[in-house]
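Student: I'd like to learn how to read a model like this one. Could you walk me through it, feature by feature?

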Amino acid sequence: MLELIHFNILSVLLFSVGLYGVLARKSAILIIMAIELMLNAVNINFIAAAAFNHGNGLFTNFDGHILTIFIITIAAAEVGLALALILRIFRNKATVNVDSFDIMKL
Amino acid sequence: MIPESSNLLLLMPEFVLAGLALVVFASDLIIPEGKKEWVGRLAVMGLIGLLCVTIFSVMGVNEYVYNDFLLVDHYSFVFKIIFITVGILTILISEEFVKENLTSQGEYYGLLLLAILGMNMLIQSQEFLTAYISLELLSFCLYVLVGYSKFNPKSNEAAIKYIIFGTFSSAIFLYGLSMVYSIVGSTQYSDISGTLAASNAMDPVAILGIALIMIGIGFKIGIVPFHAWIPDVYEGAPTPVTAYLAIGAKIAAFAFLARVVIGVMLPAEELWENWQMILAISAVATMLVGNGIAIVQTKVKRMLAYSSIGHSGVLLSAVVVMGSTNGIVIESLGYYLIGYAVTSFAVFSAITAVTYRNGVELIKDFAGLSDQKPLLAASIAIGLFSLAGLPLFVGFTIKFYLFSSIAIGGYLWLAGIAVFASLISLYYYLIMIKSMYVDTASSEVIHNNIIVKWPMKTVILVSIIATIVLGIYPEPLVNQINEISNLFTP
Amino acid sequence: MHLILFSIISTVLLVCAVGVVISRNIVHSALFLLFALISVAGIYLVLLTEFLAIVQLLIYGGAIVIVILFALMLTRNEEYPRIQNNKLWPIAGVLAVLVCITMSVSYFQSGAIQNVPNTIAPAGVKSLGSSLFTTWAIPFELASLVLLVALIGAIVIARSDKDGN
């Protein structure tokens, strides 16, 4: 039988994988991809909580789903802006190496 | 479904501000190249109008709006006034800098206006999603503004670092929110605090969720150990944007943190007692790391960035003592933020004036400034003395109020460390002042070609006068802020 | 039945996610990301919210991954096939494992999570739409401004004008 905790654990695993990616990668594009994984973990958590708890206490109206819609919107905008910046850096440096601006880590 | 008790007229300032931003974007299409400063002046006039609108529409109001998502009260009123004023001053000091250094000049001012809108919504929200979206609105504007000097590799790098750290912290914040949501079932501050306070044995998921939310906010504020992005971003950003980050964004972040603490944490007393200790340790680390590393800096903007981290530590220690002595802490926190803003403008406006044409960065490049541009040197010196907390200036009064309220709150040792950190800060501020007043000018840096136009001169004079007057005669401001503290005194 | 479906999809999702963060070739990473995001849409279907599954496919699969691939194409270089990791990657791994264990334990310990009924409520488009445009109208308006800022910002930053026009 499917339970809420299955989704929670899936989301924790996905979040940790994303966290590892953010901390371990050097290239800005790869870091952004890892952050997308973390945001998807958040979304799974929200939707699972709202779907399983529906009608239970304060859980009404599928607020978790609505939050997910907002998070997807903001994430898309964020990726657009970040990639515009990466293109700008790429043009300015006249280099083919996005890695040359080492994002400092940890 | 549509809430009955939503007096949307209370959101008039925000509607007007959004409209103003769109008008400013549109005016950029009409105003010809070379006269783009008029876009900024239009924005300033609009903001002055907005001050009147804000005062007439929401002063003295204390009401929830729209499903209790927003709370329009005296707290948000005072901060709205601060944000709008900071916006006006920032636009005034930006004018020459933008004209000389940046492309796409018109959009710069529109983005600044939308950042103010984000701050306004941030501090009056009573619900985490609204707060998150407002925070993103503010952050998006800042990401673009930090990278606005787009042919400068430093600015590019600052922007990409800022956006990556910002998105990362948002992801952590949202994961915490999702954990809290899966226990509570709502994202409103009052529901969350109600659930946290009601359950005797705290749910571990809720505790971890709150922790992740606080880590996310900590990243945005830049407290130790989440401060790594601040020096690079402050250094790479165009100087007026650095000023805006250090003044406007910092005030907004702390006003938001205080709101979250009051709304979510204080009602759950057991939880808050644990958090007080964690935050106190972080505050000590922030003060010592910020002020300690600032000593060895050779670049002016980096030095100010670390000094601003140090000030975050002081502000955080005020947040720590919230609780029993709520009223007096909020009062001194608000007063500190205002005094800090005024003082920082004295420093940053003059530094913007110095750097807009010559692009100087090093502290030693400021040598001889007192001979060539006495007004700018005086402004920086007065601002730095005030930041260090010397008497006669507003910096002394605000620190006196804040430290005594920390001590009254039972954290005497924290107040002691804060005093010690101020002494360290005096040392590196004096290095800067010595460079301007004592050292002889090197031949390659000449400040004579700087022209201080009237908008800049106005800001400099206003902030110097305010620094001194508020230092000697603080009563009117204190009375105004008393009003806020009355809200939170039971 | 649901459990089997869930197990298959989540295995695919986790394998692809790990692929994103360990692949040495950035284009492979992007493709892994695409498959991971599509499997997330599958998870949404298991959670009976077909609207969000479609949104996920359109926005993540259709927009975000394509934009990332575009960025890769426009900044293409020879070094992409051999991306170095940060030197501190073992610490990052340990940290991620610690976070994972802490949070999993907290979920297993939580009474509130254990007591949830095992029924999934389907979220129809109608109820989502009506609450999005009534209860959540203010954040919705704000989100529109965020998109405006992102649009203007991306144009301002990426536009290649040297003389301001």
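This is a predicted model: local features need pLDDT of at least 70, side-chain atom pairs count only at pLDDT 80 or more; totals for chains, interfaces and linings use all residues.

Student: Let's begin with the core. Which residues have the most contacts inside the largest nonpolar core?

Tutor: The general idea is that in soluble globular proteins, nonpolar side chains tend to be buried together. Here the largest nonpolar core has 298 residues. Those with the most contacts inside it are Met38(A), Leu113(B), Leu137(B), Cys141(B), Ala252(B), Val146(C) and Val149(C). Helix H2 of chain A, residues 28-53, gives the most to this core, with 21 residues.

Student: Take Leu137(B). What does Leu137(B) touch?

Tutor: Leaving out residues up to four places away in sequence, Leu137(B) touches Leu114(B), Leu117(B) and Gly118(B) in chain B, along with Leu142(C), Leu145(C), Val146(C) and Val149(C) in chain C.

Student: Now the interfaces. How many residues of chain C are in contact with chain A?

Tutor: The size of an interface is often given as the accessible area lost when the parts come together. For this one we have residue counts: 73 residues of chain C are in contact with 66 residues of chain A. H4(C) supplies the largest share of chain C's side, eleven residues. By class, that side has 55 nonpolar, 17 polar and one charged.

Student: And how many residues of chain B are in contact with chain A?

Tutor: There, 30 residues of chain B meet 34 residues of chain A. Helix H5 (128-146) and helix H6 (153-184) of chain B each supply at least two residues of that side, and H6(B) gives the most, with 17 residues.

Student: How do H2(A) and H6(B) lie relative to each other, roughly parallel or roughly antiparallel?

Tutor: For a helix pair, look at the axes and their crossing angle. The axes of H2(A) and H6(B) come within 9 Å and cross at roughly 15 degrees. Angles under 35 degrees count as roughly parallel, so H2(A) and H6(B) are roughly parallel to each other. Their crossing is left-handed. Among the residues making the contact are Ile35(A), Met38(A) and Phe46(A) of H2(A), and Ile164(B), Phe168(B) and Tyr175(B) of H6(B). The contact has 16 nonpolar, four polar and no charged residues.

Student: Why is H9(B) described as largely enclosed?

Tutor: Count its buried residues. Seven of the eight residues of H9(B) are buried, so the rest of the structure largely encloses it. The buried residues of H9(B) pack against H5, H6, helix H10 (239-265) and helix H12 (300-320) of chain B.

Student: And phi? What is the phi of Tyr66(B)?

Tutor: Tyr66(B) has a positive phi of about 55 degrees, in the loop between strand E1 (63-65) and strand E2 (70-72) of chain B. With 22 C-beta neighbours inside 10 Å, Tyr66(B) counts as buried. Ser104(B) also has a positive phi, near 50 degrees, and lies in the loop between helix H3 (74-101) and helix H4 (105-124) of chain B. Ser104(B) counts as buried because it has 21 C-beta neighbours inside 10 Å.

Conventions: Residues are numbered from 1 along each chain as its sequence is written. Chains are lettered from A and ligands numbered from 1 in the order in which they are written. A nonpolar core is a set of buried Ala, Val, Leu, Ile, Met, Phe, Trp, Tyr and Cys residues joined through C-beta atoms within 7 Å. A residue is buried if 20 or more other C-beta atoms lie within 10 Å of its own, exposed if 12 or fewer, and partly exposed in between; C-beta atoms are placed from the backbone. Helices (H or I, at least four residues) and strands (E, at least two) are DSSP runs, numbered from the N terminus. Two residues are in contact if their C-beta atoms, placed from the backbone, lie within 7 Å. Ala, Val, Leu, Ile, Met, Phe, Trp, Tyr, Cys and Pro count as nonpolar, Asp, Glu, Lys and Arg as charged, and the others, Gly among them, as polar. Axes are lines fitted to C-alpha atoms, for helices over the stretch in contact, and angles run from 0 to 180 degrees between N-to-C directions. Angles under 35 degrees count as roughly parallel, over 145 as roughly antiparallel, 65 to 115 as roughly perpendicular and the rest as oblique. A crossing is left-handed if the near helix is turned anticlockwise from the far one by less than a right angle, and right-handed if clockwise.
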